Amino acid sequence: MIDSNKKLKRMQLSDALQAYPSPEAAVPPRGGWVRAIREALGMTQAQLGARADISRQSVQDFERAEADRRITLDSLDRLARAMGCRMVYALVPEHGTLDDLRERRADALAEAMLQPTDHSMKLEAQGVSAAERERQRKLLAETLLRGSARKLWQ
C-alpha cells in the first residue's frame, strides 16, 4: 500500500510538472526575470519600488541578486506581485519524469554493483556474455526499484 501511494504521488507530481517547460527552455533572461518583465512593462525601478513599498536602490539590489542567483523566494514573490505577476517555482527533472530519474539511478547503481563481480569473473575467465550481463543488470535494477526508495540514493 505504501509503495502504491508513493507511485501515485510520483504520477501526480509528474502530471503537475508537465505544465513547466523543460529546464533548457526555462533559462532566465540575462538580467533576470524581474528586470526583463519590469522593462517589458515599461516600468522604472522607482515605480516598481513604489508599488512594492521599497526604495529604487532596493529594486536594483534585488535585480542584481536575482541575476546572481542569490535572491530569496520571498523577495522574488514580493516583486512579482508588485508587477501584477505571480511567482511560481518548481524543481523540474532534467530529462523525462520522476520515474525516469529513479530508473536511471537504479540502472547506474545496478551497474556499479555488478562491476566488481564482472571484473573478477573476467579475470578468472568465467565472464558471462554481454546479453547475460545486461539481463542481470536489468534484473538487479528492477529489484532496486521495488525495494526501499531510500537505498537508491545512498
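This is a predicted model: local features need pLDDT of at least 70, side-chain atom pairs count only at pLDDT 80 or more; totals for chains, interfaces and linings use all residues.

User: How much space lies in the largest pocket, and which residues are closest to its centre?

Analyst: Rolling a probe the size of a water molecule over the atoms shows where empty space is left. On a 1 Å grid over the protein atoms alone, a pocket is an open set of points where a 1.4 Å probe fits, with protein on both sides within 12 Å along at least five of seven lines; lining residues have an atom within 4 Å of a point. A volume is the space filled by probe spheres set on the points, which are joined across faces, edges and corners. Here the largest pocket holds about 1,000 Å³. It is lined by 29 residues, of which P28, W33, L76, V88 and Y89 are the closest to its centre. Helices α2 (33-41), α4 (56-67) and α5 (73-82) each give two or more residues to this lining; helices are DSSP runs of H or I with at least four residues, numbered from the N terminus.

User: What classes of residue make up that lining?

Analyst: Ala, Val, Leu, Ile, Met, Phe, Trp, Tyr, Cys and Pro count as nonpolar, Asp, Glu, Lys and Arg as charged, and the others, Gly among them, as polar. The lining of the largest pocket comprises 22 nonpolar, one polar and six charged residues. The second largest pocket has about 200 Å³ of space, and its lining has five nonpolar, no polar and four charged residues.

User: Which residues have the most contacts inside the largest nonpolar core?

Analyst: A nonpolar core is a set of buried Ala, Val, Leu, Ile, Met, Phe, Trp, Tyr and Cys residues joined through side-chain atoms within 4.5 Å. Buried means under 20% relative accessible area, exposed over 50%, and partly exposed in between (1.4 Å probe, protein chains only). In the largest core, of 14 residues, V34, L48 and L79 have the most contacts. Helix α5 provides the largest share, four residues. A second, separate core of six residues includes A106, A141, L144 and L152.

User: Where is A110 found, and which residues does it touch?

Analyst: Contact means heavy atoms within 4.5 Å. A110 is found in helix α6 and is buried, because its relative accessible area is 0%. Not counting residues up to four places away in sequence, A110 touches R137, L140, A141 and L144. The C-alpha atoms of A110 and A141 are 5.3 Å apart, although 31 residues separate them along the chain.

User: How many salt bridges are found, and which residue pairs with R137?

Analyst: A salt bridge is a side-chain nitrogen of Lys or Arg within 4 Å of a carboxyl oxygen of Asp or Glu. The whole structure has twelve salt bridges. R137 pairs with D107, their closest N and O atoms being 3.0 Å apart. This pair links distant parts of the chain, with R137 in helix α7 (residues 130-146) and D107 in helix α6. R137 is buried at 12% relative accessible area, whereas D107 is partly exposed at 32%.

How values were computed: Residues are numbered from 1 along each chain as its sequence is written. Side-chain values use heavy atoms; hydrogens and water are left out.
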